[in-house]
Amino acid sequence: MKRIEVLKTYKLYIGGKFPRTESGRYYQPEGKGGKKLGNLCQSSRKDFRNAVVAARSALASWAPRDPFNRSQILYRIAEMLEGRSAQFEDELQRQGASPAAARKEVEAAIDRCIYYAGWCDKYQQTFSSVNPVASAHFNFSVYEPMGVIAAIAPEKSSLLGLLGTVLPIIAGGNSCVVLTSESKPLCAITLAEVLATSDLPGGVVNLLTGNRDELLPVISTHMDVNAVVASDLTDAQKFSLREQSTSNLKRVILSKEDPAKSESPYPILATQELKTTWHPIESSIAGGSAY
């Protein structure tokens, strides 16, 4: 008698835990040869709300954390990816990639973690400034994280595009809720298992699976999301996102670069606020005496 294959039911990743979708809905994306990849949660408005609550809670400890420690944690993610590289390669091949392409993408994903781990404690030194002013003041401009960022991962890149979207956000001290690729979600679920065991505090990264068209209005109108990051939306989706995000004046960051291909520190700055501080100079210093 032919054995019935048991499809794995994948869960969400919210607040460092793996809950099922509260909607009870699942979908079955197809991989190479039309073979079903598994049962994936069809996230709902309530799932997104729960994820934002978890992200906001985690932000309080993640944003003020020492940048060097954030760097260590991103490096740890790279170590964990390296240890499970065979699993990621297998999943990429199940989703249609060739063995060579899968290996190349996993290696690039590991390197991308190292790259942003290096920037965690360097972007402030590189891009902050001491500004010239015409009064007796020091004037500094420094970067601060925006807060809770909703991110929409690229549809075509299951692993590298997802990491290229998430890493700049958390390297700068933000927390995030990420909608993964709908058609290629397997690597995102495995990445959640990596994140859960890589010293990253629960809630800093929350991963949801589901339908982009259904969740985009939920994301753009949520009042406790500070910014939305995306790179491969259609013109209609961009217009809708911009229009609905005015409800709480959240930033809309639409990158023209494919996060799976580009490697740059500027995506870190895209989710930062620039804070300028004026500090009075002692009259004795301004007068050039005493010191």
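How many residues of the lining of the largest cavity are nonpolar, how many are polar and how many are charged?

Reply: Four are nonpolar, four are polar and one is charged. (Ala, Val, Leu, Ile, Met, Phe, Trp, Tyr, Cys and Pro count as nonpolar; Asp, Glu, Lys and Arg as charged; the others, Gly among them, as polar.) This is a predicted model, in which local features need pLDDT of at least 70 and side-chain atom pairs need 80 or more, while totals for chains, interfaces and linings use all residues. Numbering runs from 1 along each chain as its sequence is written, and side-chain values use heavy atoms, with hydrogens and water left out.

The structure holds one cavity of 30 Å³ or more. The volume of the largest cavity is about 30 Å³. Its lining includes Ala153, Pro154, Ser157 and Ser158. Leu162, Thr180, Ser181, Lys184 and Ala188 line the largest cavity too. (On a 1 Å grid over the protein atoms alone, a cavity is a set of points where a 1.4 Å probe fits but cannot get out; a pocket is an open set with protein on both sides within 12 Å along at least five of seven lines; lining residues have an atom within 4 Å of a point. Points join across faces, edges and corners, and a volume is the space filled by probe spheres set on them.)

(Helices, H or I of at least four residues, and strands, E of at least two, are DSSP runs numbered from the N terminus.) By class, the lining of the second largest pocket has six nonpolar, four polar and four charged residues.

The largest pocket holds about 320 Å³. Its lining has 22 residues, and nearest its centre are Gly164, Val229, Ser255, Pro259 and Pro267. Helix α6 gives the largest share, four residues. Eleven residues of this lining are nonpolar, seven are polar and four are charged.

Next, the helix packing. The axes of α4 and α6 come within 10 Å and cross at roughly 5°. (Axes are lines fitted to C-alpha atoms, for helices over the stretch in contact; angles run from 0 to 180 degrees between N-to-C directions.) The two helices are therefore roughly parallel. (Under 35 degrees is roughly parallel, over 145 roughly antiparallel, 65 to 115 roughly perpendicular, the rest oblique.) From α4, the contact uses Glu105, Ala108, Ala109, Arg112, Cys113 and Tyr116. From α6 come Leu160, Leu163, Gly164, Leu167, Pro168 and Ala171. (Contact means heavy atoms within 4.5 Å.) Nine of the contact residues are nonpolar, one is polar and two are charged.

Helix α6 (residues 160–171) also packs against α2 (residues 67–83), at about 155° and with the axes 10 Å apart. That makes α2 roughly antiparallel to α6. Here Arg70, Leu74 and Leu81 of α2 meet Leu163, Leu167, Ile170 and Ala171 of α6. The contact of α2 with α6 has six nonpolar residues, no polar ones and one charged.

Glu257 sits between β9 (251–254) and α10. Leaving out residues up to four places away in sequence, Glu257 touches Ser231 and Ser262. Glu257 and Asp232 lie 25 residues apart in sequence, with their C-alpha atoms 9.0 Å apart.
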